[in-house]
Amino acid sequence: MVSRDEVLGCYRFILGRDPESEEVVREHLAASSLAELRSSFIGSAEFQRISGSIGAAAPDIDACLPPQVWQANPVDCEATPEQLVVLLDRIRREWEGFGKTEPHWSVLTHDNYRQDAIAGNIEEFYASGMFVANIIKAFFERHGLEPAKLRNCFELGCGVGRITIHLARLFDSVVGADISKFHLDVCREELGRRRVRNVELLCLDSPARLEALSEIRFFCSFIVLQHNPPPVITYILDTVLARLGAGGAAVFQVPTWRRGYAYDLDAYLRRPKRLHMEMHVLPQAHVHRIIARNGCRLLELREDGWAEGRTAATISNTFFVVRD
């Protein structure tokens with residue numbers, strides 16, 4: 001993530017002016033890196049007008065485009081039920097560790113959101129979730145759909161409720177699910193402080209919790225699936241999309257390619273587990289297979305900067321799917 005000062009700097013040094021409102025500053029705070037923030041300003045229509053040439057921004061944009069001739073990532077995408085139990089337990093212990101020590105920073109890895117600084121930045125932190133809510137609304141609007149008609153929402157990886165509080169304004173009811181009970185404790189406290197009454201929290205401490213879900217009308221997940229090994233991403237998407245009701249929709253983000261990435265399940269399970277924020281990839285072709293085998297249809301596929309910003313080394317995609 002980026003800081004408010006970095007956003008103001010881009011306005012002043014790239015566009016030569018102050019921002020028109022605090023709302024646009026908050027929207028830019030959701031940029032996943034300074035590189036992505038800078039690219040969004042350089043690629044803007046306003047900067048192109050100032051520079052006098054659309055081509056002036058081309059070298060910077062080209063540097064952010066992965067090559068068309070990339071090599072496929074060798075990835076084990078499936079696991080046995082027994083292996084999934086082990087994988088999910090490892091993830092749970094990892095994220096409960098983050099939840100105990102740095103619950104807000106583990107959601108948005110910026111120093112402003114560490115425990116020793118979060119008190120002075122808490123409103124900025126939660127305001128940044130509006131950017132994601134606006135993305136969701138834009139997907140719906142582009143396809144002539146209305147979030148309110150779907151009524152309920154299932155958010156995977158709600159963390160401390162950064163996006164949840166905004167989803168609660170779009171849907172009649174929201175189920176916010178997370179694998180870390182400590183993140184959910186913070187989320188519950190924040191929902192109470194803001195008097196948000198239409199959110200139910202669910203701790204995904206076992207596969208059975210996910211499999212017990214009833215019909216889902218809308219599913220969303222951002223900057224969450226990427227922290228799970230590929231077989232777990234596969235399992236989650238299969239389980240959730242299979243429960244998407246007729247006329248339901250889903251918006252989810254997952255990295256689909258990274259230069260030099262590989263995932264060997266057996267080797268991964270043999271390695272000792274240490275507390276760190278893992279980043280994984282699920283090949284795009286496999287995501288398409290998951291969508292198809294669960295009776296869903298892809299409406300829109302967008303490259304995004306959620307994983308590591310927009311670089312030539314990574315592709316992250318946001319998928320918008322429906323069940324007819």
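Please keep in mind that the model before us is predicted.

With that numbering, let me start at one residue. H227 sits in the loop that links strand 4 to helix 13. Is this residue buried or exposed? H227 counts as buried because its relative accessible area is 9%, and the cut-off for buried is under 20%. Setting aside residues up to four places away in sequence, H227 touches W95, M277, E278, M279 and H280.

The largest nonpolar core comprises 44 residues, and F154, F219, L241 and F252 have the most contacts inside it. Among the elements that give two or more residues to this core are helix 6 (81-101), strand 1 (152-156), strand 4 (216-221) and strand 5 (244-258). Helix 13 gives the most, with 7 residues. Beyond its neighbours within four places in sequence, L241 is in contact with F219, A250, I290, I291, N294, C296, V321 and R323. There is also a second, separate core of 39 residues, which includes I122, I136, V174 and I223.

Finally, the strands. Strand 1 pairs with strand 2 (residues 173-178) in the parallel sense, over 5 bridges, and C153 stands opposite V174 in strand 2.

How values were computed
Residues numbered from 1 in each chain as written. Predicted model: local features only at pLDDT ≥ 70, side-chain atom pairs only at ≥ 80, totals over all residues. Heavy atoms only, no water. Core = buried A, V, L, I, M, F, W, Y, C linked by side-chain atoms within 4.5 Å. Buried < 20%, exposed > 50% of the residue type's maximum accessible area, 1.4 Å probe, protein only. Helix = DSSP H or I, 4+ residues; strand = E, 2+ residues; numbered from the N terminus. Contact = heavy atoms within 4.5 Å. Pairing = 2+ DSSP bridges.
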